[in-house]
Amino acid sequence: MPKAIRWYVRAVDAMNRFIGRCTMYLIFVMIGVLLYSSISKTFFTPALWTMETAQFLMVGYFLIGGAYSMQLGSHVRMDLLYSRWSSRTRAVIDAFTIILLIVYLCFLLYGGISSSYYALEYNETSFSSWSPRMAPIKIIMTIGVALMLLQAISTFFKDVAVAWGKPLE
């Protein structure tokens, strides 16, 4: 593999590893918000912002952490025949399916950018009684899709290298 591809794979893997490990701590923020929600509903006037904030945190946790999960190979895989194949056959099949994923992620990224632009241009808000601005969460969602796309390309290069019999790592 050319040096540029090796550099790309190392850079994207390092970036997604760092971002993914930082994102893991959002679960504690989400627990704090939900704990506050439970306490405020029990003893005080319920806060309007807690459930929607917890949902936004979960979206960030899920989408920003998706690239790291892909890097670790933690996504669900149908393993009916896959485990019986040689590593080279697996790499060929994975490279093919990654191409489909990349096409899908390109459409998602286009839609995310369009939706984020709309939310910024028209000051879109949620329809809840709290009515927060939607632009920040839509931008976070778009960033998550972009990170996943970068990681999918990195994974594609790794699979192609294994299929050629020259693994990158």
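This is a predicted model: local features need pLDDT of at least 70, side-chain atom pairs count only at pLDDT 80 or more; totals for chains, interfaces and linings use all residues.
User: Is Val103 buried, exposed or partly exposed?

Analyst: The relative accessible area of Val103 is 43%. Buried would need a value under 20%, and exposed one over 50%. Val103 is therefore partly exposed.

User: How many Å apart in space are Val103 and Leu149, C-alpha to C-alpha?

Analyst: In sequence, Val103 and Leu149 are 46 residues apart. From C-alpha to C-alpha, their separation in space is 9.1 Å.

User: Are α5 and α6 roughly parallel or roughly antiparallel?

Analyst: Helix α5 packs with helix α6 (residues 135–163), their axes being 8 Å apart and at an angle of about 160°. Angles over 145 degrees count as roughly antiparallel. The two helices, α5 and α6, are therefore roughly antiparallel.

User: How many nonpolar residues does the contact of α5 with α6 have?

Analyst: Let's start with the crossing, where α5 passes α6 in a left-handed way. By class, their contact has six polar and four charged residues, and its nonpolar residues number 26.

User: And α3 with α6: roughly parallel or roughly antiparallel?

Analyst: Helix α3 (residues 50–64) and α6 have axes that come within 8 Å and cross at roughly 15°. Since angles under 35 degrees count as roughly parallel, α3 and α6 are roughly parallel.

User: Which residues of α3 make the contact with α6?

Analyst: On the α6 side, the contact includes Ile137, Ile140 and Gly144. Its residues divide into nine nonpolar, two polar and no charged. From α3 come Phe56, Val59, Gly60, Leu63 and Ile64.

Technical notes. Residues are numbered from 1 along each chain as its sequence is written. Side-chain values use heavy atoms; hydrogens and water are left out. Axes are lines fitted to C-alpha atoms, for helices over the stretch in contact, and angles run from 0 to 180 degrees between N-to-C directions. Helices (H or I, at least four residues) and strands (E, at least two) are DSSP runs, numbered from the N terminus. Angles under 35 degrees count as roughly parallel, over 145 as roughly antiparallel, 65 to 115 as roughly perpendicular and the rest as oblique. A crossing is left-handed if the near helix is turned anticlockwise from the far one by less than a right angle, and right-handed if clockwise. Ala, Val, Leu, Ile, Met, Phe, Trp, Tyr, Cys and Pro count as nonpolar, Asp, Glu, Lys and Arg as charged, and the others, Gly among them, as polar. Buried means under 20% relative accessible area, exposed over 50%, partly exposed in between (1.4 Å probe, protein chains only). Contact means heavy atoms within 4.5 Å.
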